[in-house]
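Have the model open alongside.

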Amino acid sequence: MRPERSSRTLLLGATLLSFIAAPIPAIIVAARSILIEATPLVIAIQDYYKEDPNSAFINGLPDIWLNSTVDLPAGAEVHILHDAPAHPDLRVITTVAEVYYRIVANKKSNITTLADLKGKRIGIVRNTTSEYFAYRFLHDVAGFKDSEYTLVATTQGARGLCFVEPCGNDTFPSMLARGEIDAMTAYEPTSELAIRAIGEENAVVFRNDSLYRELSVMYTTEAKLKDPAKRKEIVKFLKALNKVQRVFENEPEKIWGRVSSVSTNVSVEVLEKIWPLTKWSGGLPDDMVDILAAEDEWIAKDTTLRPNRGPMSKATLAAHIDAGPYFYNSHYTTLVEFLQGTLTASPIAPPETRPAYSNVVFADTSSFMHAILATSPMLASPTEIRVNQCLVKIFTPYSAVPASKAPPWEIFRPGPSRPGPSHFFNATTLPNPHAVTTVGKDGVAHGYRSRISLLPTDGLGLAILTAGDQSALPILLDGCLTVPVPTIDAVAREQAVSQYVGSYTSTNATSNTSTTATFVLDETTF
């Protein structure tokens, strides 16, 4: 027995020496690369994060409290809810993707309307966002009780899912085609492949994008964020991830082939079909805490999975979200880098030659306005915002009065018949005249005058810096508002038409009644 134990000891020692000799990666990212929403992480590591060639991507979702070498795991928000109660140091720092679910049903199971799902067999992946979406949709939209449908459950990583054709016999697409289940909902591309398996002519698709969307989030620990060197690398990786997300969002056709090769050869044809179901905007959505809170109530009901734990409060959930790294990745990594960057930022000019321009102040005010306008849980309340752990008073909710003051801001809200903020900009110049709220703050010192102007409803922020004649600022402000505001207004109306105009029918399966509402875009002012 002793020789055997001795040989094992020697082998373990050799393994440790090999590990110690290997260079330590600056950053290690982990996710299940089989999932499409994880592919930006792989591409970011391979193409954009150039800081350390030894940085690695791990396929899987390890426990970062048992494997401390992993810096940035990413997965669905349900993992956060499972881990957070035992790990108060968990910190969500950004979303990788936002994914919309759908239920695919087979007409051959006598399903054509939502009410027809009653009593049917619906395939789901147990203890995942697949099951949660099915629960929310069948309860909140269809109005069913648990006893009025049957969930055919699989476990994550086992049967049910299909990523490339032909799908195996134990996958939902094949089970749906054989009639073993009547409907299903799962991560893409499984649902799309289910449609292909039964034929589009036999597929009935149910969606409700306002009900729920999966948040594929990236998280880490508070200890790693407090480590200056590690935090710096995390911010750099977020910069790289942002670049990938912009390609995914704006030029997806350039990346579909790469996504296919990373995520088990999902065909480009299928990727093109399912791409609109995913948003790659990144950041931290403003309703993140609400999404987590609603889902955690559902998780807490399963006492076999999470015994002796009730739902977490919104305050507790909000404490697990740290917007700091994402905020900084859009601007600068450290104060030293920021100041050094101002020496090379374009345009560059000697003092006194460009009195209305300041690289430093523009960068700083831009960061500040971004933090105010950003749709993220940084908003602590309607009157406060947290910027780098500092609480800044913003403004109280403004009313419809033409002008009001909420220190330290001035709020101006001219109606369609009133003049605009200054000389030229006028709400009546909009294609569809309406009130435009501007929230501003001026600063004057030693011949300089500056202004920050925010248009909260449009997500627009302006920083204007002048020197010399102080009457120049309102003229510049008018010029800056005259062009973008009508353009933003026109685009918003176009988006409203494409997204909301139409007729909508809601069916109540219990009372066997339906209500139809028609939405049109009127031309009235407000």
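## The Asp 182 bridge

Asp 182 and Arg 121 pair up in a salt bridge, with 3.0 Å between the closest N and O atoms. This is a predicted model, so keep that in mind throughout. Asp 182 sits in the loop between α5 (172–178) and β8 (183–184), while Arg 121 belongs to strand β6 (residues 121–126), so the pair ties together parts that are 61 residues apart in sequence.

Are the two partners buried or exposed? Asp 182 counts as buried because its relative accessible area is 7%, under the 20% cut-off. Arg 121, on the other hand, is partly exposed at 30%.

## Other charged pairs

How many salt bridges does a search of the whole structure find? The count is 24. One of them joins Glu 180 to Arg 178, and there the closest N and O atoms are 2.7 Å apart. Glu 180 is partly exposed, with 39% relative accessibility, and Arg 178 also falls in the partly exposed class, at 42%.

Then there's Arg 213, which forms a salt bridge with Asp 287, again with a closest N and O distance of 2.7 Å. Arg 213 comes from the loop between β9 (203–206) and β10 (214–221), and Asp 287 from the loop between β11 (278–279) and α11 (288–301), so this pair ties together parts that are 74 residues apart in sequence. At 12% relative accessibility Arg 213 is buried, whereas Asp 287, at 21%, is partly exposed. The pair also belongs to a network of salt bridges that links Glu 98, Arg 213, Lys 279 and Asp 287.

Glu 77 lies in helix α3, which covers residues 77–83. Which side chain of opposite charge is nearest to Glu 77? That would be Arg 213, but the distance is 8.8 Å. A salt bridge needs the nitrogen within 4 Å of a carboxyl oxygen, so that distance rules one out. Glu 77 is thus a buried residue with no salt bridge.

What the Glu 77 side chain does reach is the backbone nitrogen of Leu 215, at 2.8 Å. Setting aside residues up to four places away in sequence, Glu 77 touches Thr 129, Tyr 212, Glu 214, Leu 215, Val 217, Leu 292 and Glu 295.

In soluble globular proteins, nonpolar side chains tend to be buried together. Here the largest nonpolar core has 104 residues, and the members touching the most other members are Leu 41, Val 92, Leu 117, Phe 206, Met 218, Phe 237 and Trp 275. Helix α8 (residues 228–250) gives this core its largest share, 8 residues.

Take Phe 237 as a way in. Leaving out residues up to four places away in sequence, Phe 237 touches Val 29, Leu 41, Ala 44, Ile 45, Tyr 49, Leu 72 and Met 218. There's also a second, separate core of 9 residues, and its members include Val 436, Leu 460, Leu 481 and Val 485.

## Leu 477

Leu 477 is found in helix α16 (residues 472–482). Leu 477 is buried because its relative accessible area is 3%. Leu 477 and Ser 453 are 24 residues apart along the chain, and 8.5 Å separates their C-alpha atoms.

## The disulfide

The chain's disulfide count comes to 1. The link joins Cys 162 to Cys 167, with the sulfurs 2.1 Å apart. Which hand does this link have? It's left-handed, with -85° about the S-S bond. Both ends are buried: Cys 162 has a relative accessible area of 4%, and Cys 167 comes in at 18%.

## The whole chain

Zooming out, the secondary structure comes to 17 helices and 20 strands. Of the 526 residues in the chain, 45% are buried.

Notes: Residues are numbered from 1 along each chain as its sequence is written. This is a predicted model: local features need pLDDT of at least 70, side-chain atom pairs count only at pLDDT 80 or more; totals for chains, interfaces and linings use all residues. Side-chain values use heavy atoms; hydrogens and water are left out. Helices (H or I, at least four residues) and strands (E, at least two) are DSSP runs, numbered from the N terminus. Buried means under 20% relative accessible area, exposed over 50%, partly exposed in between (1.4 Å probe, protein chains only). Lys and Arg count as positive and Asp and Glu as negative; His and the chain ends are not counted. A polar contact is a pair of N or O atoms within 3.5 Å; within protein, one must be able to donate a hydrogen and the other to accept it, and residues adjacent in sequence count only if both atoms are side-chain atoms. Contact means heavy atoms within 4.5 Å. A nonpolar core is a set of buried Ala, Val, Leu, Ile, Met, Phe, Trp, Tyr and Cys residues joined through side-chain atoms within 4.5 Å. A disulfide is a pair of cysteine sulfur atoms within 2.5 Å.
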